[in-house]
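Dear colleague,

Please read the notes that come after it alongside the coordinates.

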Amino acid sequence: MEKKLSIISHKKAKSLVEKTAAMIFRGCAIISVLAVVTITGYMIISGTPAIFKEGITGILFSTTWAPTAAHPQYGIAYVILTSIVGVFLAICIGVPIGLFTAINLAEIAPARLRKILKSAIELLAGIPSVVYGLLGILIVNPMMYKLELMIYHGSKTHQFTGGANLLSAIIVLAIMILPTLINISETALKAVPDDYRKSSLALGASKMQTIFKVVVPSAKSGIMSAIVLGVGRAIGEAMAILLVAGNAVSLPLPFNSVRFLTTAIVSEMGYASGTHRQVLFTIGLVLFIFIMVINLVLTYVLKRGDLDE
Amino acid sequence: MKKKVLSVLMVFMMCLGLAGCGGGSNSTSDDISGKVSLNGSTSMEKFVNALSEGIKEKYPNLQLEAQFTGSGAGLEAVASKTTDIGDSSRALTDEEKAKGLEENIVAIDGIATITNKSNKVTNLTKDQLAKIYTGQITNWKDLGGQDEAIVVIGREAGSGTRGAFEELLGIEDQCQYAQELNETGAVLAKVAKTSGSIGYVSLDVLDDTVSPLQLDGVEPSEKTVKDGSYALQRPFVMATNGKISEQSKQVQAVFDFINSDDGQKIIKKVGLVTPNK
């Protein structure tokens with residue numbers, strides 16, 4: 001197959017190809033916008049009927065979850081509270097570990113150690129969430145049960161959960177968000193110009209002083225976005241915590257069996273019907289609003305970071 | 001070059017088209033066609049749906065139209081002849097039978113209570129079981145076992161097993177669960193792993209990773225469910241207005257199917273016990 005190499009000879013065909021390609025790309029771009037619009041619309045349409053039926057206080061601020069009772073009650077206050085407390089504590093555990101790992105990777109570790117660490121973290125990111133849950137059942141829950149038996153030994157009022165409690169969920173979540181935290185903070189730390197480090201060292205600062213007084217502050221906005229993305233991942237996680245958290249609706253105390261927003265949907269969707277089902281969609285809407293707020297915060301953080309520089 | 005691609009594409013498309021046709025044309029033809037309406041128990045939803053799927057293979061033209069409004073409503077509907085079959089997850093009352101309803105027990109739902117293998121307690125009374133699940137008894141030593149806290153494991157709201165369990169013990173909406181799991185298998189696994197735990201599962205999934213608890217001295221098994229001595233059970237009734245033989249041939253076909261080997265397989269598949277004939 002011979003072809004003449006000429007720009008002019010296939011001009012028509014070429015412009016057609018160009019136009020079609022442009023159209024295809026535009027079409028693909030529209031798909032994702034369309035998806036977001038559809039999801040938003042659908043969440044609002046299917047999430048609001050229950051609010052009108054039960055009243056916003058009956059759902060958001062009531063603490064009794066008894067969807068199949070003779071007089072059903074759909075209070076998800078404890079569920080919302082659990083999601084907030086659980087994710088916040090997971091972030092409190094995950095951020096220091098993740099940030100220090102990122103600093104180690106970007107600033108301190110020698111090339112060989114870096115390589116091992118990097119591949120370990122990539123592997124951690126690739127493990128499916130249900131596997132985290134299984135490991136939680138096998139390792140975290142029995143440990144928590146032992147702890148529970150020690151702390152509440154002889155207690156008459158505490159309901160024993162067999163280790164499936166808020167603490168287990170927090171530990172599993174903290175580990176799950178590590179890859180997100182580490183990868184993004186590392187990229188942010190690496191983006192700090194080398195001149196900063198050299199100037200700091202030349203002024204007589206030690207390596208640690210340079211890291212904490214110069215490098216980390218300059219990478220602040222990147223680290224912030226890592227944290228916000230970590231929150232997003234943690235709040236949206238369902239499968240792993242479904243297996244370890246116990247799923248009874250109660251006040252989020254460390255040794256209580258708790259239910260998160262995500263697990264509230266997953267665990268009862270199978271057989272729910274009528275208003276019960278609609279309320280599950282409302283929980284989805286609440287979760288959706290949470291994620292939206294987190295994304296808005298993220299864009300705000302990133303924008304402010306741009307202005308700083 | 002282009003032509004080649006085109007022809008390959010054409011052939012591919014034709015294959016697809018043929019494959020599409022192939023699916024529709026095979027059938028185990030049968031002359032019974034039409035619709036049978038069912039109405040009743042929400043607990044029987046899983047069973048009825050499996051049934052209406054399974055029946056399509058034998059009677060492709062027979063359609064089951066099922067609604068799930070509750071046992072009482074279903075029986076009322078069949079009594080007033082607005083539906084062909086009334087599903088009920090309880091035995092019929094004498095009053096209902098007096099209206100001419102026929103109690104056709106198609107399956108039995110049995111629930112076993114299980115505990116961890118390390119547990120020394122092997123027998124509970126119905127009353128003790130109810131007290132455990134409502135949080136009045138929290139330690140195995142009160143039941144003659146070792147000094148160990150009871151971890152109360154159950155299913156999620158809306159689950160048929162949970163509904164039946166709470167209903168049979170008369171403790172609807174009073175249960176205090178430490179863990180609510182959304183699958184039978186998960187309950188089994190958690191009880192097997194957690195010492196001091198108690199849980200309930202459908203009878204058919206019992207295995208030797210856990211120890212089943214006797215209820216009032218009766219071992220849960222297919223046999224004790226069938227002879228009625230095991231208390232945690234309820235019948236699944238498909239009531240008809242008058243005897244089955246008086247029904248339309250479509251309705252008779254449904255019962256024929258249930259009594260056939262395929263039908264009995266479906267009953268076992270959804271975790272129920274086939275009743276004695």
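What follows is a summary of the contacts between the chains and of the way each chain is divided.

The model is predicted, with local features needing pLDDT of at least 70 and side-chain atom pairs counted only at pLDDT 80 or more, while totals for chains, interfaces and linings use all residues. Residues are numbered from 1 along each chain as its sequence is written, chains are lettered from A and ligands numbered from 1 in the order in which they are written, and side-chain values use heavy atoms, with hydrogens and water left out.

Between the chains, 23 residues of chain B are in contact with 28 residues of chain A, where contact means heavy atoms within 4.5 Å. Chain B and chain A bury about 2,000 Å² between them, with 51% of that area on carbon and sulfur atoms; buried area is the accessible area (1.4 Å probe) that two parts lose on being put together, summed over both.

The interface between chain B and chain A has 1 salt bridge (a side-chain nitrogen of Lys or Arg within 4 Å of a carboxyl oxygen of Asp or Glu), and the side chains of Arg259(A) and Glu180(B) form a salt bridge at 2.7 Å, N to O. On the side of chain B that touches chain A, the elements that give two or more residues are strand S7 (151–155), strand S8 (179–181) and helix H7 (184–193) of chain B, helices (H or I, at least four residues) and strands (E, at least two) being DSSP runs numbered from the N terminus. By class, that side of chain B has 9 nonpolar, 7 polar and 7 charged residues, with Ala, Val, Leu, Ile, Met, Phe, Trp, Tyr, Cys and Pro counted as nonpolar, Asp, Glu, Lys and Arg as charged, and the others, Gly among them, as polar.

Turning to the individual chains, an automatic or database domain assignment gives chain B a domain 1 (34–108 + 236–270) and a domain 2 (110–233), whose C-alpha centres lie 30 Å apart. Chain A is divided into domain 1 (1–54) and domain 2 (77–308), and 34 Å separate the C-alpha centres of these two domains of chain A. Domain 1 of chain A and domain 2 of chain A bury about 890 Å² between them, 75% of it on carbon and sulfur atoms, and the count of salt bridges between these domains is 0.
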